[in-house]
Amino acid sequence: MYEPATTRADKPILVIGGGITGMTAALEAAEAGCRVVLIEKSPYLGGRTASFHLYFPKLCPPVCGLEINLQRIKRNPRIQILTLAELERLEGLPGNYQATVKVSPRYVTEACTACNACAEVCPSKRADDFNAGFSKTKAVYLPFKWAFPLRYVIDRAACANGCRACVEACKYEAVNLGQQPERKTFSVAAAVVATGWEPYDASRIDNLGFGKYPNIVTNVTLERLAAPDGPTQGKIVRPSDGQPPKQIVFVQCAGSRDENHLPYCSSVCCAASFKQASYLRAQNPKAEITIFYIDIRMPGRLEEFYSKVVKEAGIRLIKGKVGRIEGEPCTDDLLITAEEILAGKKIIARAGLVVLATGIVPQTRGLPPGFAVDEFGFISGSEGDFYIAGCVKRPQDVAASVRDGTGAALGALQSVVRSVQSG
Ligand SMILES: Cc1cc2nc3c(=O)[nH]c(=O)nc-3n(C[C@H](O)[C@H](O)[C@H](O)COP(=O)(O)OP(=O)(O)OC[C@H]3O[C@@H](n4cnc5c(N)ncnc54)[C@H](O)[C@@H]3O)c2cc1C
């Protein structure tokens with residue numbers, strides 16, 4: 001009989017990816033008594049959800065859900081967290097794998113108190129990827145204000161040559177520009193792969209004008225524009241002139257369910273657009289919001305969320321595929337040409353801001369070979385004690401990702417038990 005105890009020499013579970021799925025898998029396994037090594041390639045935990053303004057369906061800020069998990073992680077000595085860490089090699093046999101992890105330097109040690117003295121003196125700037133490039137940070141920066149770990153990080157590629165201003169400004173001696181990449185090896189019984197998703201590159205959808213006209217943004221960018229800690233302090237404005245848009249058009253399935261781009265449905269984009277329409281309505285009760293859609297897909301309980309938003313936000317819904325978006329040079333407005341299917345005619349709509357509901361692409365870069373992928377690139381399985389969970393397996397919302405992470409933790413725990421029993 002397996003009795004979880006930290007003193008036993010059981011091998012840990014490796015969790016790859018520190019988004020909501022990986023955090024859940026790590027926590028469930030650790031709280032069941034198993035040791036976990038959680039590796040995350042970015043400087044913080046939380047993944048994509050950390051950058052959202054609010055979560056559907058409850059419309060609560062991500063800090064609520066993530067904070068509970070972060071508190072549980074901080075309290076649990078069985079979880080070892082490595083940020084800026086990626087798997088280099090994973091070799092071995094079921095129940096007994098050797099994982100080699102490369103940890104890139106943060107250049108800021110645990111002595112950091114996040115006092116910001118380093119950033120105040122830093123002369124260099126970099127594009128803020130957390131804010132979709134819509135703002136800049138100093139070369140030494142805190143990824144966002146409630147990031148975990150709450151510790152600065154230095155983008156050395158952005159540093160001025162020979163500059164040591166941050167070293168001199170830090171009275172805790174937390175800056176170490178001499179840090180080098182490290183390689184760590186772990187003997188693990190199983191691995192959970194939870195590397196999540198990235199947005200489809202909207203500039204590949206030629207007819208929708210992304211990258212050509214400033215007032216066409218993606219759904220991911222809109223989350224940052226709406227977030228109080230985002231580049232516009234939560235005001236949703238047109239990138240061209242910083243003014244709040246009066247007419248907003250959402251284009252559903254931007255590249256999705258399209259043989260030339262993503263042939264599948266990303267399942268969360270409809271709910272994301274209705275959520276974002278509610279942000280716009282809250283900021284401007286008179287905003288005219290139109291959503292062009294092929295089909296509205298709101299699985300399960302999301303149907304209630306949809307009905308509520310449509311009723312309260314007064315959204316105009318047009319069933320029709322958008323064929324082309326063009327800019328109007330003197331106003332920076334957009335002209336959207338679409339087919340209105342129910343009326344059987346072509347229409348041209350005008351908008352001050354267009355939001356492209358782009359889909360989810362599985363994030364599989366940096367994973368060792370050997371995982372089976374489906375026809376769309378999502379990981380469908382593998383041989384051995386590997387458990388795949390979250391959006392790298394299929395597009396899904398946070399609630400489903402949490403369930404998936406929990407299921408993966410159970411599978412990995414069974415692998416640990418098997419490895420203990422087989423000695
Ligand atoms: C515009 C938009 C809005 C959305 N809004 C909502 C919402 O309101 N409510 C909701 O329920 N769902 C929403 N979703 C869906 C939600 O984003 C996903 O359910 C959630 O992000 C899935 O979490 P995940 O952990 O699987 O992936 P991610 O959030 O992508 O996390 C994966 C983590 O793995 C890390 N990683 C990747 N590769 C590696 C590697 N090789 N090594 C180590 N680490 C790696 C990444 O850096 C990241 O931290 C939305 C989706 C979109 C597109």
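Biologist: To begin with, how many helices and strands does the chain have? And which residues come nearest to the ligand?

Modeller: The chain has 8 helices and 24 strands. Helices (H or I, at least four residues) and strands (E, at least two) are DSSP runs, numbered from the N terminus. This is a predicted model, in which local features need pLDDT of at least 70, side-chain atom pairs count only at pLDDT 80 or more, and totals for chains, interfaces and linings use all residues. Residue numbers start from 1 along each chain as its sequence is written.

Now the ligand. The shell around it holds 40 residues, and Gly-17, Gly-19, Gly-47, Gly-196 and Gly-390 come nearest. A residue counts as near if its C-beta atom, placed from the backbone, lies within 6 Å. Helix H1 (20-31), strand S4 (85-93), helix H5 (219-226), helix H6 (269-283) and helix H8 (398-421) each give two or more residues to this shell. By type, the shell has 17 nonpolar, 16 polar and 7 charged residues. Here Ala, Val, Leu, Ile, Met, Phe, Trp, Tyr, Cys and Pro are nonpolar; Asp, Glu, Lys and Arg are charged; the others, Gly among them, are polar.

Next, the domains. The chain is divided into domain 1 (13-104 + 181-196 + 363-421), domain 2 (117-169) and domain 3 (200-360). The bounds come from an automatic or database domain assignment. The ligand lies between domain 1 and domain 3, because both give residues to its shell. Where does that leave domain 2 and domain 3? Their centres, taken over C-alpha atoms, are 32 Å apart. The contact between them takes 6 residues from domain 2 and 6 residues from domain 3. In contact means C-beta atoms, placed from the backbone, within 7 Å. On the domain 2 side, the touching residues are 3 nonpolar, 2 polar and 1 charged.

H5 deserves a stop, as one of the elements that give residues to the ligand shell. Is H5 mostly covered or open? Covered: 8 of its 8 residues are buried. Buried means 20 or more other C-beta atoms within 10 Å; exposed means 12 or fewer; partly exposed is in between, with C-beta atoms placed from the backbone. Among the buried residues are Asn-219, Glu-223 and Arg-224. Their cover includes strand S12 (197-199), strand S13 (216-218), H6 and strand S20 (353-358).

Then the core. The largest nonpolar core has 121 residues, and Ile-13, Val-192 and Val-354 touch the most other members. Such a core is a set of buried Ala, Val, Leu, Ile, Met, Phe, Trp, Tyr and Cys residues joined through C-beta atoms within 7 Å. Leaving aside residues up to four places away in sequence, Val-354 touches Asn-215, Ile-216, Val-249, Val-251, Ile-325, Leu-334 and Ile-336. Over the whole chain, 45% of the 423 residues are buried.

Last, some backbone checks. Most residues other than glycine have a negative phi, and most peptide bonds are trans. The bond from Phe-56 to Pro-57 is cis, with omega near 0°. Pro-57 sits in the loop between strand S2 (36-39) and helix H2 (62-75). Leu-59 is found in the loop between S2 and H2, and its phi is near 55°, a positive value. Leu-59 is partly exposed, with 15 other C-beta atoms within 10 Å.

Conventions: Contact = placed C-beta atoms within 7 Å.
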